[in-house]
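The sequence and the coordinates come next.

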Amino acid sequence: MRDVGILVWVVLLVIGVIGSMVSSARRQVAAGAQAPRPQRPPAPAATAQQRLAQALQARVQAPASSPRPPQPRPAPPRPVSAPHSEPPAVPPAHRARQRSFFGTRPELVRAVIAAEVLGKPRGLHDEYR
């Protein structure tokens, strides 16, 4: 029975290693496909359009670049105090967190240590030993 367990373990290990290799190969192929490709030089009509757009932008931005005095910032609005006749706002009701199936982390650590120290229950011991 022990040999079958070892054989199953080795098969699972081989499947995991092969799966990891396939995954890394796919990632490399995907990274290669996303690599920037060299671009062809733009057509002469496209460069003329780009120059025209740049010239228009320069004309629009020229008057806007004239120095203006900085405008003062408006004062922040004053907070309005609540009328004294209303009671203060009640905080939302406390919701209890759903308890984890295994309890808290310290409880889980204590349970694992106890299981290590105490060992298997007598009812689960091999009766043919």
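## Helix α3 and its end

In this predicted model, helix α3 covers residues 105–118, and its 14 residues reach 20 Å from the first C-alpha to the last, which is close to the 20 Å expected at 1.5 Å a residue. Just after α3 comes Gly119, whose phi is positive, at about 80 degrees.

## Overall arrangement

The chain contains three helices and zero strands, so that, read from the N terminus, its elements follow the order α-α-α.

A nonpolar patch lies on the surface, where residues including Val4, Trp9, Leu12, Ile18 and Val22 belong to a group with about 1100 Å² of accessible area together. One of these patch residues, Leu12, is found in helix α1, which spans residues 2–33.

## Confidence

The mean pLDDT of the chain is 77, and 78% of its residues reach 70 or more. Within the chain, confidence is lowest in helix α2 (residues 44–64), where the mean is 74, and highest in α3, where it is 90; the helix whose span is close to the expected value is thus also the one with the highest confidence.

How values were computed: Residues are numbered from 1 along each chain as its sequence is written. This is a predicted model: local features need pLDDT of at least 70, side-chain atom pairs count only at pLDDT 80 or more; totals for chains, interfaces and linings use all residues. Side-chain values use heavy atoms; hydrogens and water are left out. Helices (H or I, at least four residues) and strands (E, at least two) are DSSP runs, numbered from the N terminus. The expected span of a helix is 1.5 Å times one less than its number of residues. Patches are made of residues with over 30% relative accessible area and no salt bridge: like charges are joined within 9 Å, nonpolar side chains (Val, Leu, Ile, Met, Phe, Trp, Tyr) within 5 Å. Accessible areas come from the Shrake-Rupley method with a 1.4 Å probe; for residues, only the protein chains shown count as cover. A salt bridge is a side-chain nitrogen of Lys or Arg within 4 Å of a carboxyl oxygen of Asp or Glu. pLDDT is the predictor's confidence in each residue, from 0 to 100.
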